[in-house]
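Please open the structure in your viewer and keep the selection tool at hand. This tour goes from one selection to the next and says what is found at each stop.

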Amino acid sequence: MSFPWAREYKPANGFTQFLDERLPLPRLVYNAVGAGYPVPRNLSYMWNFGVLAGFFLVVQIVTGVVLAMHYAANAEVAFATTEHIMRDVNWGWLMRYAHANGASFFFIVVYIHIFRGLFYSSYKAPREMIWLLGVVIFLLMMATAFMGYVLPWGQMSFWGAKVITGLFGAIPLVGEPLQVWLVGGFAPDNAALNRFFSLHFLLPFVIAGVVILHIWALHIPGSSNPTGVEVKKESDTLPFHPYYTAKDGFGLGVVLIFFMLFVFFMPNMLGHPDNYIEANPLATPAHIVPEWYFYPFYAILRAFTFDFILSAKLWGVLAMFASILVWFFLPWLDKSPVRSGHYRPLFRKFFWFGLIPTMIVLFICGGAPAEEPFVMISQIATAYYFLHFLVILPIISSIEKPEPLPYSITEAVLGHDDDAKLGAVSATKA
Amino acid sequence: MIRIIGALVGLGFTFVVMWAFGNGAYNAITEDHVPAAEYTYYKKPVAPAGGFQQDGPFGTWDLAQLQRGYQVYKEVCAACHSMKFVAFRDMADLGYNEDEVKALAAQVQVPGIDPNTGEATTRPALPIDYFPSPYPNNVAAAAANNNAIPPDLSLMAKARGDGTNYIYSLLTGYGPIPAELKADFPDFDTPTGLYFNQYFPNLNLAMAPPITSDGQVTYADGTEATVDQMSKDVAAFMTWTAEPTLVKRKQTGWPVLGFLLFATILAFLSKKQIWSAVKPKKS
Ligand code: HEM
């Protein structure tokens, strides 16, 4: 499962020897994130974000378990127990703010992680399975975050839950009964709150399980790298420890500084003030919006405003789910043999001047009220989004002439590689 | 095959969404949109002159101001508004000692049960009691206020954008309808029982101006009770009720940031040290 030159674990003393023969846990760690795991030597800071995502998963589980000790999933008291955590529980405010902002930071690092994957086409063979599991994780994260936002039972909790569960009503024939069954009533209430809490507690552990598969799948081919050229020999790699443990440690420090800046100095900036108003089924908020990290998908949902054979609402629901499901097919849509965007001139242009602006525009429109000009702008962006992945990307990958690749990672880093038989001119961008 | 199906799906979504776009564009051209008065004349909250002492990363509570704010709440707002998440024992944070807290609580009547007959009565509050609601239920609250229910104020400062300044602006923002608004929107009016206020999102609200004249309360500390001063004080008090841990939070934040900065610099140096042997020399 690793390169032949990977260092082998050697128990250092009698105790580890004993352990190694019975439960080789130290060996597993040594081979997974220790000196026994050779990693490309040219990884940029973009490759820090997987570890950071794992860190935030741990933050969410730890703070979440503490919050669950003081929270009561009952529509009568949920809002009050949340305030009890903020006011009376020792350091409860810190747990809650860390959990709420931790969710935001989890999404920030995962978005960077995903778009890293898109730019370097990390989804291509032999890493399809890593990518597919990643998309599964992302879907699970979205479900978890959505249900978590409902728990404090504020106005946005309630109305967000109502809007999103209402989407099931758009499914022809079975929609309405399905919705009532899922929600446990005609509108979200105690039944919904209880099942959301149960699932919100469960899903992070499911995510943790899928993350283990994700990393297992990663360890078969090993990480890709900014050149996209596969590892050929020992001089292309460095042992994970100490090189990447040190680099990940520094990256973690930087992100923690930003995280703590939010937790301690602007903990409510990423939230919505309406969620400090207790849920009231009789008073609809002026603008119902989800949490910021759902804005792009919310914009796609709302871009479909015209009944065309199917109802506009159903089109919106289909498009919203499709916008993430297309990621599953990327390994087969993008056929270019070159991975890294650094060597793909056309792909690179569409990535930076097409996809990224589109995501930003969708993000802005998703948070804006559903009125012009935002609706029209989001419609153009939605169209581009689907064209980018389903039409433009496949076409680019067949017509593009990639730039010359370095012979090896070693050449990319050192500027020369004595093994380079063809003496390929190096493109030393790394 | 998968690429052909993909392209068809992509073109399908594009077609439908562009159709919707065309429809929207057509409407935008053929119908004129008159923005509502709420759009043009709504004002964003403004901070009082001098701001608040708790603002900013180093802010601290002005305890005298919070005490004055409590007095305004108790003497004015509590007639209509509850504050159900605040207990009298919390008032110790405002610099009152145990006996003072007991005395403050005892000034307020809360619902109780007669120990001899078991009938509902009232009794003086104890420090463990929460601030009482002025109305027995929402129906009574609505009946007394022209069908609007005065919201609970505990969390108000966090439940509105720029909450502290919003409360201050709202309290000082009542006035007649400006002539320009009348000129732009001749139909705009304030129905009876509502009051015009440009800081309220739809410009008319059901709360009569609560703070109307200088000297409405008499401050124990001798501060002059102008309308502006009282509004500022009660806004500061409501910031505290919304988040009693606000100052503690910021004060905890600094050592945490300091430590992290130090740890991150160490992490950076050790990373540099470890990598120095394998980094090619930049030419
Ligand atoms: C809980 C969330 C996640 C965790 C903890 C996680 C963890 C990791 C880790 C530790 C790595 C190796 C380090 C790195 O390349 O950054 C990695 C690689 C990767 N992840 Fe994730 N990941 C998560 C979510 C996702 C998602 C949502 C996607 C895509 C939709 C994804 C796609 C990938 C890919 C393609 C790689 C290989 C990158 C390469 O070698 O170039 N991951 N992940």
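This is a predicted model: local features need pLDDT of at least 70, side-chain atom pairs count only at pLDDT 80 or more; totals for chains, interfaces and linings use all residues.

Begin with chain B and colour its two domains separately: domain 1 takes in 37-50 + 58-86 + 131-247, while domain 2 covers 96-128. The C-alpha centres of these two domains of chain B lie 27 Å apart, and their contact is made by four residues from domain 1 and six residues from domain 2.

Next, select Q67(B), Y70(B) and P132(B), which lose the most area to domain 2 of chain B among the residues of domain 1 and together account for 79% of what that side buries. Between them, the two domains of chain B bury about 430 Å², with 60% of it on carbon and sulfur atoms. Across this interface the rule finds zero salt bridges, although one residue pair is in polar contact.

Now show chain A as well, and select the contact, which takes 56 residues from chain B and 64 residues from chain A. Chain B and chain A bury about 5,000 Å² between them, 75% of it on carbon and sulfur atoms.

Two salt bridges are found across the interface of chain B and chain A; to see one of them, select R89(B) and D88(A), whose closest N and O atoms are 3.7 Å apart. The rule also finds twelve residue pairs in polar contact across this interface.

Finish with α1 (2-30) of chain B, one of the helices that supply at least two residues of the side touching chain A; the largest share of that side, 20 residues, comes from α1(B).

Notes: Residues are numbered from 1 along each chain as its sequence is written. Chains are lettered from A and ligands numbered from 1 in the order in which they are written. Side-chain values use heavy atoms; hydrogens and water are left out. Domain bounds come from an automatic or database domain assignment. Contact means heavy atoms within 4.5 Å. Buried area is the accessible area (1.4 Å probe) that two parts lose on being put together, summed over both. A salt bridge is a side-chain nitrogen of Lys or Arg within 4 Å of a carboxyl oxygen of Asp or Glu. A polar contact is a pair of N or O atoms within 3.5 Å; within protein, one must be able to donate a hydrogen and the other to accept it, and residues adjacent in sequence count only if both atoms are side-chain atoms. Helices (H or I, at least four residues) and strands (E, at least two) are DSSP runs, numbered from the N terminus.
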